[in-house]
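Take a look at the chain below. This report covers its sheet and its disulfide.

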Amino acid sequence: FAQFGDEAVPMLGTFTGLFHRHAEQFSDRLSFRDDQVGGALLAYCKNGTEKRWTLSLTTDAVFDPCNWTAASSESVDFDVLATANSQWFVKTTQNRVVSLAQHFLASQDCNDNLCGHGKCNN
């Protein structure tokens with residue numbers, strides 16, 4: 001489950017909800033999709049010196065986690081939940097990066113052969 005504040009980018013609040021494990025991996029890390037058409041992706045961006053978990057949006061189902069709307073602080077963690085208590089940032093419509101005042105990330109214990117915190121049970 002993910003929830004992002006909408007104070008800097010109002011439409012960001014519409015991407016609150018359940019994210020499901022996605023088949024595609026980025027930088028050897030799992031990624032997660034929401035259920036909306038086009039939709040959102042929680043995935044890892046490793047691009048030069050940039051290393052962080054991101055929320056990226058698309059209208060054509062082609063995702064690039066390094067073209068993000070919201071992003072965690074720098075991280076090398078393999079588990080997106082490790083960023084739950086760290087600062088996240090958002091890009092405004094003017095392409096400025098500002099601190100995100102509120103966000104929430106949580107995981108269910110087990111779902112589709114994936115247990116919380118990135119451990120597979122098969």
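The report begins with the model, then turns to the strands and the cysteines.

This is a predicted model, where local features need pLDDT of at least 70, side-chain atom pairs count only at pLDDT 80 or more, and totals for chains, interfaces and linings use all residues. Residues are numbered from 1 along each chain as its sequence is written, and side-chain values use heavy atoms, with hydrogens and water left out.

**The sheet**

An open sheet is built from 7 strands in the order 2-3-4-5-6-7-8, with antiparallel pairing. Strands here are DSSP runs (E, at least two residues), numbered from the N terminus. Two of them pair if DSSP finds at least two bridges between them. Strand 2 and strand 8 stand at the edges with a single partner strand each, so one side of each has no neighbour in the sheet. From one strand to the next, the twist averages 30 degrees; the angles run from 0 to 180 degrees between N-to-C directions of axes, which are lines fitted to C-alpha atoms.

| Edge strand | Residues |
|---|---|
| Strand 2 | 20-26 |
| Strand 8 | 97-99 |

Inside the order, strand 5 (residues 50-57) and strand 6 (residues 70-72) run antiparallel and are joined by 2 bridges. T54 has A71 in strand 6 as its bridge partner.

**The disulfide**

The structure holds 1 disulfide (a pair of cysteine sulfur atoms within 2.5 Å). C45 and C66 form it, with sulfur atoms 2.1 Å apart. The pair links distant parts of the chain, 21 residues apart: C45 lies in strand 4 (residues 40-47), and C66 in the loop between strand 5 and strand 6. The torsion about the S-S bond of C45 and C66 is about 110 degrees, so the disulfide is right-handed.

Is C45 buried or exposed? C45 counts as buried because its relative accessibility is 0%. Buried means under 20% relative accessible area, exposed over 50%, and partly exposed in between (1.4 Å probe, protein chains only).

Technical notes. Helix = DSSP H or I, 4+ residues; strand = E, 2+ residues; numbered from the N terminus.
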